[in-house]
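This report walks through one protein model, from its domains to single residues. Please have the sequence and the coordinates open as you read.

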Amino acid sequence: EVYFKNLSKQKQKEVMEKNGNNHKLRVCVATCNRADYSKLAPIMFGIKAEPQFFELDVVVLGSHLIDDYGNTYRMIEQDDFDIHTRLHTIVRGEDEAAMVESVGLALVKLPDVLNRLKPDIMIVHGDRFDALALATSAALMNIRILHIEGGEVSGTIDDSIRHAITKLAHYHVCCTRSAEQHLIAMCEDHDRILLAGCPSYDKLLSAKNKDYMSIIRMWLGEDVKTRDYIVALQHPVTTDIKHSIKMFELTLDALISFNKRTLVLFPNVDAGDKEMVRVMRKKGIEHHPNFRAVKHVPFDQFIQLVAHAGCMIGNSSCGVREVGAFGTPVINLGTRQTGRETGENVLHVRDADTQDKILHALQLQFGKQYPCSKIYGDGNAVPRILKFLKSIDLKEPLQKKFCFPPVKDNISQDIDHILETQSALAVDLGGTNLRVAIVSMKGEIVKKYTQLNPKTYEDRLELILKMCIEAASEAVNVNCRILGVGISTGGRVNPREGIVLHSTKLIQEWSCVDLRTPISDALHLPVWVDNDGNCAALAERKFGHGKGIENFVTLITGTGIGGGIIHQHELIHGSSFCAAELGHIVVSLDGPECLCGSQGCIEAYASGIALQREAKKLHDEDLLLVEGMSMKEEEVVSAAHLIQAAKLGNTKAESILRTAGTALGLGVVNILHTMNPSLVILSGVLASHYVNAVKDVINRQALSSVKTVDVVVSNLADPALLGAASLVLDYTTRRIY
C-alpha cells in the first residue's frame, strides 16, 4: 500500500480523453474467499492509491462471512477498505448440491447490488463457483468484466468454471505465457489480453526479508526453527470427493509418522470440506502436540510461514504457484492441480494407496532449498493492470467479438533445448588433482578445469570455491543453467549432512570437513557430497552400463580400490556410510599389508599403489626392465612400468598381475555371493587389464547360480565427475514419484 501511495504522488494528472475529462472509471472488486483476496488486494491498493482515475467499490460474499472459515472479511477491513456490500451466499451442506444452491443464491442477490453500484467494470478472480455467479450476473447486466488468472490449466471442476468465466469476460489478465496462448486458442481477442503476472507476486518478492521469527513462533510455538516445520493445506476434489478424503487421511497419517511440527489450515468451502474437518478431529489433529490447526492465517503472515518452511504439502494452488517464489519444497497431492505450470520445487504424488508413498515424498523433499521461481510473476503485475484499466474505452461496443485466426506460433522453448541447458557443477577431489566441470543433463562435459589438489584444508577449500565460482560464471556464457553442485571425494562421507567424516591417506587434512555449508553459502546453490566410489556407481546408473539395471556393482581400479552398490535402483550407503568399501574385502589372511592397517585386502594386491610397490621391488633387484623397455635415471617407477614389462614377456611381472587379478576376482566372487547383482562394472585405469582375470576366477570359484553375471569394463571417461553431476541432476529434476 505504501508503494502505491508513493507511486500515486508521481503520477501525471491526466485522464483518458476517450472516456471524458472528468470521468473516473468505477471499478467493482468482488472477493469470495481468503485465497482470491490475496490476489485482488494488491490491485485494490493500487486502485485506491489513484483516486483521480478510479472509484473503488468492494463487495464481499462467500466464505469470507462464515465463522467456520475465520470471518476473513475482517482482514479486508483491517486493510482499510470500505466494504460496500456483504452478501451471505453460502448454503450449508456437504455435497455438490450445496455448491449449486450457493451459486443460485448469489445469482438471486447480486442483481440488486449491481443495479445500485452501476460499475463500469467488475474484476473477477479465478475459478471458484462464487466467481462464476459474479461473472454470470455482470455479463447478463451488460457490465464489463476483467478476469484475473484466466487461461490456466489445473484439475477438477475448476478448469470448467475458469474457462466458462473466460467466455463471459471482456478483458483478461493472465500470469504466464502459456495461459496467454491458451486464451488466444480459446478465440479471445489478443488486444484484450494482458500478460501481467500474478498480482500476489508483487508482495511476495519483497516479503522474505521481513522479521519472520515472531510470526513462526506465534503460529507454531516458541521452539520451532526455520526449515524445520511443515505447512499443510489440502482441499476436497469436488469431482472425486471420496478419493480426496481418503488421500487426506493418508496425508495426516504420513505427517503424524514424519513427526515434524505442522501447521494445518482448514480446507475451502467445497463439497466434502466438512468431512475433511471430521477426519482431522477423528485423528486428534487439533490436540496433537506436533500440530497446529487453524481456520485462517493473514496472507502477509502466511507468506512468511511458507517462505521459511521445510516443506509445504497439499493440493492448494498456492503450493504450485506462490511458494515457488521462495524455493520452498512442495509436495503436490492428487489431481487438483494437474496441468499447472510448476517450478523445480514441486514433487507430484498423483495417487497414493498407502501413507508410505506420501511419507517417502516427505523424506525426499523436507529441508531442501530449490532455486526461486518466477514462472508466475516478476513483481510488477499491478502497475501493468492499472495501465490496462486506464486504456479501456467505455465507448467501444460492449458485445464481445471472438477471434478465429490460427493460433500464434508457440514461442516456448523446445524440451530438448531445456534438457541440454540444465546442468550441474561437478567437483572431483582426487589424491593428486582437483577437477571442476560443467556437466549437461545428457552427461556431456561442457567445460573442465583442473588444478593440483592443495595439501592443506584452507587452501583446498579456497581453491574449490574459486574454481566453482569461475565455472558458474562461465556457465552463463555457454548457455547452461546450474542446478546445483555435486562433489565426489575419497574417504567416508555422510551424504545427508554433506560432511567428509574421514579421508584416505591420499588426501591430507580432510576429516570432519563440512563441505556443503561453505560452498552452498558462497554459490547460493544446493550442494551434494558423496564418496568417489558411490559417485562412480551413480554415473553408471545414469549414463553408463548400469542404466536401467536394477542391481549392479561398480568397482574402481585406480590408485586405490573402491566401488559402489546399486540395489533395487538405489545406492547403498550402509548404517555408518561405510558400505561398498570393496577394496578392503580380505582375500588372504597373511597377504601384504594394506593402507587401512589390515592384511590381505584386495587393495593391497590390485591397486595402483600395490602394483607400484611390486614394480619397485623388481626394479631394485634389476628384474623389471626387459628388452624394449627403458627408463630415465630420474623417472619414478610406477604401475605402468609393471604392465609394460608384463606385455613384453617379463614372467615375474606377469605373475604379479595374475595374482592381482586373482585377488580382485576373489573379491568379486564374495560380492556375487553376498549381493547377487546381475552386472559387475570394472572402472578405472586398470579395469581393462583385470577383466579377463576376474571372469576366469568367477568361472572357477563362484557358485553356478551366479556364474552368469555380466562383467564389463566401463565406457565412461570421467565417472567421478559424471557421478558428482548425477547427484545434482537426479535430485533436482525428479518431479513425479
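## A histidine and its cysteine neighbours

His584 is partly exposed, with a relative accessible area of 28%. Here buried means under 20% relative accessible area, exposed means over 50%, and partly exposed lies in between, with a 1.4 Å probe and protein chains only. The model is predicted: local features need pLDDT of at least 70, side-chain atom pairs count only at pLDDT 80 or more, and totals for chains, interfaces and linings use all residues. Residues are numbered from 1 along each chain as its sequence is written, and side-chain values use heavy atoms, with hydrogens and water left out.

His584 sits in the loop between strand E24 (570-571) and helix H20 (602-606). Helices (H or I, at least four residues) and strands (E, at least two) are DSSP runs, numbered from the N terminus. The unreviewed UniProt entry carries the annotation "binding site" for His584, Cys594, Cys596 and Cys601. Such positions are given in the numbering used here, with feature names shortened, and annotations may be inferred rather than shown by experiment.

Contact means heavy atoms within 4.5 Å. Not counting residues up to four places away in sequence, His584 touches Cys594, Cys596, Cys601 and Glu603. Under the same exclusion of residues up to four places away, Cys596 touches His584 and Cys601. Cys596 is also found in the loop between E24 and H20. Its relative accessible area is 45%, so Cys596 is partly exposed.

## Domains and cores

The domain assignment gives domain 1 (22-198), domain 2 (207-365), domain 3 (415-544) and domain 4 (545-715). These bounds come from an automatic or database domain assignment. The centres of domain 2 and domain 4, taken over C-alpha atoms, are 51 Å apart.

A nonpolar core is a set of buried Ala, Val, Leu, Ile, Met, Phe, Trp, Tyr and Cys residues joined through side-chain atoms within 4.5 Å. The largest such core has 63 residues, and those touching the most other members are Val59, Met122, Leu134, Ile230, Ile313, Ile331 and Leu362. Helix H10 (residues 241-258) supplies the largest share, nine residues. Domain 1 (22-198) and domain 2 (207-365) both contribute residues, so this core lies between them. A second, separate core holds 43 residues, including Ile656, Ala660, Val706 and Val711.

Met122 touches Cys28, Leu114, Leu134, Ala138, Ile143, Arg144, Ile145 and Leu146, not counting residues up to four places away in sequence.

## Strands and a buried glutamine

Six strands form an open sheet in the order E10-E9-E8-E11-E12-E13, with parallel pairing. Two strands pair if DSSP finds at least two bridges between them. At the edges are strand E10 (291-294) and strand E13 (346-349), each pairing on one side only. The twist averages 20° from one strand to the next. Axes for such angles are lines fitted to C-alpha atoms, for helices over the stretch in contact, and angles run from 0 to 180 degrees between N-to-C directions.

Strand E8 (residues 229-233) and strand E11 (residues 311-314) pair in the parallel sense over four bridges. Ala232 stands opposite Ile313 in E11. Elsewhere, seven bridges join strand E1 (residues 25-31) to E2, and these two run parallel. Leu25 stands opposite Phe54 in E2. Six of the eight residues of strand E2 (residues 54-61) are buried, so E2 is largely enclosed by the rest of the structure.

Gln365 belongs to helix H14 (residues 355-365). Gln365 is buried, with a relative accessible area of 2%. Its contacts include Cys311, Ile331 and Val346, not counting residues up to four places away in sequence. Gln365 and Val346 are 19 residues apart in sequence and 8.8 Å apart in space, C-alpha to C-alpha.

Most residues other than glycine have a negative phi.
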